[in-house]
Amino acid sequence: MWTQRIKTGLVTTTAAAALLLLAACGPSPSPSGTSSAPPTSSTPSASATSSSPSATATTTPSPSATATSAAPAAPALCKAASLSAVTDPTGGGAAGSVYEKLILTNTGAAPCVLEGFAGVSLTADANGEPIGEPATRETTTPVTKIELAPGKSAWAEIRYTQAGNYGDCTKVPAAGFRIYPPNDTASLFIPETHDACSNAGIKLLTITAFQAV
């Protein structure tokens, strides 16, 4: 009977030992409530790049605002080719002298400048040489710069002294006045008969500076 109990106890002990060995060799259970999936983040990756265009705009520089246009050219001097000449004899006379206005008019298409004294002489004809002395400048009238627009005029005063006032005058008939505009070597002719003195030293003419009309 004791032998039977011993055998039973050994069997029981052996079975218990086998169960313990199997339990030790099996897989360990996962901790309760722990997910095996890796954590996810809702924050975008810092390495992500935007496909939208750059916010910095590149502009083309505008032309410089300091550009200036060239200044217009100053009017040229009035020349005989763009002038007409007449005399106005209504100035009267006194003590053997006759006063007339010499009037020059701009017949050109552009403004021109008239300044100073004309050269004036008596001449035999439109193409002839001057007779006697040229006009003496009368400086009591100040010289001014006159800009003549097309069609505008300026005037100077001519005084003609009668040739008969000079006993030693060698008289020569003159057909008119030869007029040289200031600073010009070309001339204009005004038909107007007078007696001239062909001998030197007798001055029959004086001329003032031009004035605006």
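The dialogue below goes through the core, the sheets and the ring contacts of a predicted model.

Student: How many residues does the largest nonpolar core have, and which of them have the most contacts inside it?

Tutor: In soluble globular proteins, nonpolar side chains tend to be buried together. In this predicted model, the largest nonpolar core has 33 residues, and those with the most contacts inside it are Leu 102, Leu 104, Val 120, Ile 179, Leu 205 and Phe 210.

Student: What does Leu 205 touch, once residues up to four places away in sequence are not counted?

Tutor: Leu 205 touches a set of residues that includes Val 120, Leu 122, Pro 134, Ile 158 and Phe 177, and among its other contacts are Ser 121, Thr 136, Arg 159 and Tyr 160.

Student: Which order do the strands take in the open sheet of 4 strands?

Tutor: The order is β7-β6-β11-β12, and the pairing is antiparallel. Its edge strands, each pairing on one side only, are β7 (130-131) and β12 (188-197). Strand β11, residues 171-180, pairs with β12 over 8 bridges in the antiparallel sense, and within this pair Val 172 stands opposite Ala 196 of β12.

Student: What is the pairing in the open sheet of 3 strands?

Tutor: That sheet, ordered β1-β5-β9, has mixed pairing, with β1 (76-77) and β9 (145-148) as the edge strands. The parallel part includes β1 and β5 (residues 112-115), which pair over 2 bridges; Val 113 in β5 is the bridge partner of Leu 77.

Student: Where does the charged end of Lys 101 sit, and how many aromatic pairs are there?

Tutor: The charged end of Lys 101 lies over the ring of Trp 155, 4.5 Å from the ring centre, whereas the count of aromatic pairs is 0.

Key
Residues numbered from 1 in each chain as written. Predicted model: local features only at pLDDT ≥ 70, side-chain atom pairs only at ≥ 80, totals over all residues. Heavy atoms only, no water. Phe/Tyr/Trp six-rings, centres within 6.5 Å; stacked < 30°, edge-to-face > 60°. Lys NZ or Arg CZ within 6 Å of the ring centre and 35° of its normal. Core = buried A, V, L, I, M, F, W, Y, C linked by side-chain atoms within 4.5 Å. Buried < 20%, exposed > 50% of the residue type's maximum accessible area, 1.4 Å probe, protein only. Contact = heavy atoms within 4.5 Å. Pairing = 2+ DSSP bridges.
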